[in-house]
Amino acid sequence: NISNIIYSFNVTGFSNYSVDELCDKVLTADYTLTSDIACPSTALNIGSNDIILDCAGYSINYSYNGADAGYGVNNSGGYDNIIVKGCNIVEGSPSTNSKYAIYFLDAGNGSIENNTITTSGIFGRGVHFDSSSNSSVINDTISTTGTSGYGLFFSSSSDNIAKNNTITTIGLTSVGVHFDSSSNLTVENN
């Protein structure tokens with residue numbers, strides 16, 4: 001219920017302004033999108049173990065106001081057994097740095113599958129696993145534009161699989177798949 005929250009808008013002209021009630025929502029159970037969502041910063045946060053987020057082909061447009069550190073799907077709480085599937089995740093504005101479509105920190109046994117991901121800012125990441133293990137990224141289409149953009153980024157992570165993904169990067173020092181202090185990673189048919 002967004003009726004108890006105050007939103008402020010700096011209006012300089014006539015426009016329609018709205019806030020999607022799903023923005024910054026914490027998911028504590030399986031969730032299926034029933035429409036596209038657009039959020040000024042982070043869209044969805046994982047808040048429990050054993051969750052399936054099924055976008056059913058709908059879009060998540062995150063960080064459209066250019067906010068730093070915005071995420072399409074944020075699992076910085078370290079929850080395990082998370083599945084993100086069927087999403088079209090788009091970074092809404094390239095104006096700031098370090099925004100990630102999908103972010104897992106200290107998480108295990110995750111699955112990122114059958115998603116389309118587009119990032120456009122400096123240091124943007126399609127999928128970022130940080131200190132995460134035993135997870136997979138399979139059958140995703142990931143496109144990054146912007147300096148130092150990464151399609152898949154594994155940092156201090158182990159025993160992960162990246163398989164059958166289509167990754168396109170455009171930008172100075174951009175990389176399709178990057179490993180930093182990671183081990184036992186399987187990369188096939190990307």
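Six strands make up an open sheet, and their order is E3-E6-E9-E12-E15-E18, with parallel pairing. At the edges are strand E3, residues 37-38, and strand E18, residues 166-170; each of these pairs on one side only. Please keep in mind that this is a predicted model.

Strand E6, residues 59-62, and strand E9, residues 88-91, run parallel and are joined by four bridges. Across this pair, Asn61 stands opposite Val90 in E9.

From Val90 I move to Gly126. These two residues are 36 apart in sequence, and their C-alpha atoms are 9.3 Å apart in space. Gly126 belongs to strand E13, which covers residues 125-130. Is Gly126 buried or exposed? Gly126 counts as buried, because its relative accessibility is 0%.

What does Gly126 touch? Leaving aside residues up to four places away in sequence, Gly126 touches Ala101, Ile102, Ile117, Thr119, Ile142, Thr144, Tyr150 and Gly151.

Take Thr144 from that list. Thr144 sits in strand E15, residues 141-145, and E15 is one of the strands of the open sheet. Thr144 has a relative accessibility of 0%, so this residue counts as buried. With residues up to four places away in sequence again left out, the contacts of Thr144 include Gly126, Thr119, Tyr150 and Gly151. Thr144 also touches Gly149, Thr168, Thr169 and Ile170. As for the strand at that edge, E18 spans residues 166-170.

Notes. Residues numbered from 1 in each chain as written. Predicted model: local features only at pLDDT ≥ 70, side-chain atom pairs only at ≥ 80, totals over all residues. Heavy atoms only, no water. Pairing = 2+ DSSP bridges. Helix = DSSP H or I, 4+ residues; strand = E, 2+ residues; numbered from the N terminus. Buried < 20%, exposed > 50% of the residue type's maximum accessible area, 1.4 Å probe, protein only. Contact = heavy atoms within 4.5 Å.
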